[in-house]
Amino acid sequence: MTYPWHLYIMSVMYLLAGIMHFIKPKMYMRIMPSYLPNHKLLVYFSGIVEVLLAITICIPSLKTISIYAIITMLTVFLMVHFYMLSSKKASAGIPKWALILRIPLQFGLMYWAFYYLKF
């Protein structure tokens, strides 16, 4: 089965994002909400999940479950985006306008994933 070319763009995007969790883990640990335990483990775990989802979204028998997992992951990541708006330290130096724009972008990414359920 061939998928639209843009599904592969999504796959590569999540693959690169997942790999970045291992290349720059401190960057991700800085933006983790303080109420979450073991930031390093969570960063590595989320990196593994992103890499696995990037791969499985391209496997026909796993695509649907992968799409729902991506949407769930993006929903969970919303807590990080809202946390980053909570204080200057939590923002990791990212301008407030950019942090605000990330929230609708997150919903756009969810819609993008949801779109592939029909293929």
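L62 counts as partly exposed because its relative accessibility is 33%; buried means under 20% relative accessible area, exposed over 50%, and partly exposed in between, with a 1.4 Å probe and protein chains only. The residue lies in the loop between α3 (39–56) and α4 (63–84). Helices here are DSSP runs of H or I with at least four residues, strands are runs of E with at least two, and both are numbered from the N terminus. This is a predicted model, in which local features need pLDDT of at least 70 and side-chain atom pairs count only at pLDDT 80 or more, while totals for chains, interfaces and linings use all residues. Residues are numbered from 1 along each chain as its sequence is written, and side-chain values use heavy atoms, with hydrogens and water left out.

L62 belongs to a nonpolar surface patch together with V12, L15, L16, I19, I23, I55, I59 and I65. The accessible area of these residues together is about 750 Å², by the Shrake-Rupley method with a 1.4 Å probe, where for residues only the protein chains shown count as cover. Patches are made of residues with over 30% relative accessible area and no salt bridge; like charges are joined within 9 Å, and nonpolar side chains (Val, Leu, Ile, Met, Phe, Trp, Tyr) within 5 Å. A salt bridge is a side-chain nitrogen of Lys or Arg within 4 Å of a carboxyl oxygen of Asp or Glu. Helix α1 (residues 5–23) gives the most to the patch, with five residues.

## The whole chain

The protein has five helices and zero strands, in the order α-α-α-α-α from the N terminus. Its radius of gyration is 15 Å, close to the 14 Å that the globule rule gives for 119 residues, so the protein is as compact as a globular protein of that length. The radius is taken over C-alpha atoms, and the rule is 2.2 Å times the number of residues to the power 0.38. Along the principal axes, the C-alpha trace spans about 45 × 25 × 20 Å.

Of the 119 residues, 37% are buried. The accessible surface of the protein is about 7300 Å², and 76% of this belongs to carbon and sulfur atoms. Among contacts (heavy atoms within 4.5 Å) with a separation of 6 or more, 66% are between residues 24 or more positions apart.

M73 is in helix α4 and counts as buried, at 8% relative accessibility. Leaving aside neighbours within four places in sequence, M73 is in contact with Y14, V49, E50 and L53.

H81 is also found in helix α4. H81 is buried, with a relative accessible area of 7%. Leaving aside neighbours within four places in sequence, H81 is in contact with R102, I103 and Q106.

## Aromatic pairs

The whole structure holds five aromatic pairs. Rings of Phe, Tyr and Trp (its six-membered ring) pair if their centres lie within 6.5 Å; planes under 30 degrees apart count as stacked, over 60 as edge-to-face and the rest as tilted. F22 and Y44 form a stacked pair, 5.3 Å centre to centre with 10 degrees between the planes. This pair links distant parts of the chain, as F22 is in helix α1 and Y44 is in helix α3, 22 residues apart. F22 is partly exposed at 39% relative accessibility, and Y44 is partly exposed at 26%.

The rings of Y115 and Y116 have centres 5.3 Å apart and planes at 80 degrees, so this pair is edge-to-face. Y115 is partly exposed, at 27%, whereas Y116 is buried, at 0%. Y115, Y116 and F119 form one aromatic cluster.
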